[in-house]
Amino acid sequence: MAYASALTEIQQRELVQIVGEDGVIFDPAAMRVYASDASNIKGKIFAVARPTSTAQVQEFMRWADAERVAVHPRGRGTSLSGGCVPTVPGIVLSMLGMDKILEISPTDFVAEVEPGVNTAAFQAAVEKMGLMFPPDPASGKATSLGGNVCTCAGGMRAVKYGVTRDYVLGCEVVLPGGKLMKFGGRTQKDVIGLDLTRFIVGSEGTLGIVTKLILKLIPKPESSASVLVGYASLDDALRSMAKVFAAGILPAAVEFMNETVLEILVKTGACPWPDAVKSLLLFQIDGSLETIGLENARLARQLDDALWKLEGVGKTEEDKLWAYRRRVTSSSYVLGPDRIGGDMAVPRGKLLAAVRRFEEIAANNGKRLIGFGHAGDGNIHANLHYDASDPDDAKRTVKAHHELDDAVIAFGGSLSGEHGAGCLKDPGLQLGRDEHELMRRIRKLFDPGAILNPQKGY
Ligand SMILES: Cc1cc2nc3c(=O)[nH]c(=O)nc-3n(C[C@H](O)[C@H](O)[C@H](O)COP(=O)(O)OP(=O)(O)OC[C@H]3O[C@@H](n4cnc5c(N)ncnc54)[C@H](O)[C@@H]3O)c2cc1C
């Protein structure tokens, strides 16, 4: 059945009744930012609704389902896969009006939050109480916890601590039609019934609207240390990383940067490593105040084949090292004003072969591959920069991008390790036909009228 193609005056008044005057935007200029996300793809919307309570979300979802209005749930819009883009004209449901930390319990090691809470603010709040919420997407200063959960965000510390999915104990979700569902709870263990909480994690806004989250916390490690390590090539760097794991060391984070990344970093700012260094690893370890020095020394012993290294102990010193990693995305624009990004994951043992294959594909299309990311869990950020005003460059870049996706599948990998399919990835490349069909049938059970985030996900 077709979707509403505009809102009538009556429907506009009904929307105002549901979320209040302050909870609606109809002004085209103010709506512009909501018609896109960090992917920069644009869509068309009739309105933005910003509920402030679960009751309002329920009423809104009852109304939208009955009126056949497409709904595009949105946190802070940092999706790089077009997860929030209104691919079908409709209403953006901004969840930023529900941004309260409801409780942090140091005895249950649990927090209850609304979905619009900012990730970094939440982490700071739990850390003040000696606790830790490990998922740490690089975009955490800008993201919402609801967005993190609906994309199953990963981050630097995934190698040791896992991803967002490992920290969601339960959630409340409003389905199309307005019914409120409560999945999971406050216990660390629960094996009664199907784990529907896990269905919601990574569901990209396709099953329901998350209105509350119950998150797992762990004790915060007392101390940490980082080391930036330089090698003559990515091959040397990844051989060295393998030695670290073989020695029984589990770092909190291990990032890699390929030769092209070092070139652009050197081009765009001061860098402390010598010219012979062509590839970098960045390790972080954490632990108690008593053991961190010992762990650091253990790690250093395994890095004896490095050309160069720089250590930092404690947040201020570590931040200086991590600043080089954080600079990669902004520095990449020296290779072109436009970007097609990838965040593929491959089995860990295939990381080097995959990056080298990606570089070859890029070179065959006259491009350079900006390859970096989470080496410890085989998650590669494979970015291609180009100039959209040059049709030949754009064509070669898109072709290379498709070839990268094919190569990931050939490596037994995943098209996306953390950003999701959104409206950019073709999950049919990766999923078996029967499995894909089963997912679509589950989606239909949650959302029979298909009003939620149409044309996104799977
Ligand atoms: C510079 C940069 C760096 C990044 N680094 C990382 C990284 O290291 N790791 C990583 O995993 N990602 C990263 N990302 C991608 C992005 O930040 C994550 O996907 C993040 O989890 C999105 O959070 P958000 O609040 O912006 O969600 P949004 O982008 O607003 O939404 C994401 C998805 O969740 C759905 N959604 C949001 N809230 C709800 C809700 N309450 N109920 C139902 N559905 C909802 C939306 O429909 C959409 O499909 C990065 C992005 C940028 C721009």
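Begin at G412, which follows α14 and has a positive phi, near 75°. Helices (H or I, at least four residues) and strands (E, at least two) are DSSP runs, numbered from the N terminus. The model is predicted: local features need pLDDT of at least 70, side-chain atom pairs count only at pLDDT 80 or more, and totals for chains, interfaces and linings use all residues. Residues are numbered from 1 along each chain as its sequence is written.

Next, select residues 391-410, the 20 residues of helix α14. From first C-alpha to last, α14 reaches 29 Å, close to the 28 Å expected at 1.5 Å a residue (1.5 Å times one less than the number of residues).

Within α14, highlight T397, A400, H401, L404 and V408, the buried residues (20 or more other C-beta atoms within 10 Å of their own; exposed means 12 or fewer, partly exposed in between, with C-beta atoms placed from the backbone). These residues cover an arc of only 105° around the axis, so they lie on the same side of α14; the arc is taken from the directions from the helix axis to the C-beta atoms. On the other side, P391, D392, K395, D406 and A410 are exposed.

Now display what covers the buried residues, including β16 (338-340), β17 (343-345), α13 (351-364) and β19 (379-386). Contact here requires C-beta atoms, placed from the backbone, within 7 Å.

Finally, move to the open sheet of 4 strands, ordered β1-β2-β4-β3 with mixed pairing (pairing requires at least two DSSP bridges). β1 (24-25) and β3 (70-74) stand at the edges, each with a single partner strand, so one side of each lacks a neighbour in the sheet. Select β3 with β4 (residues 90-94): the two run parallel, joined by 5 bridges. A70 stands opposite G90 in β4.

Conventions. Two residues are in contact if their C-beta atoms, placed from the backbone, lie within 7 Å.
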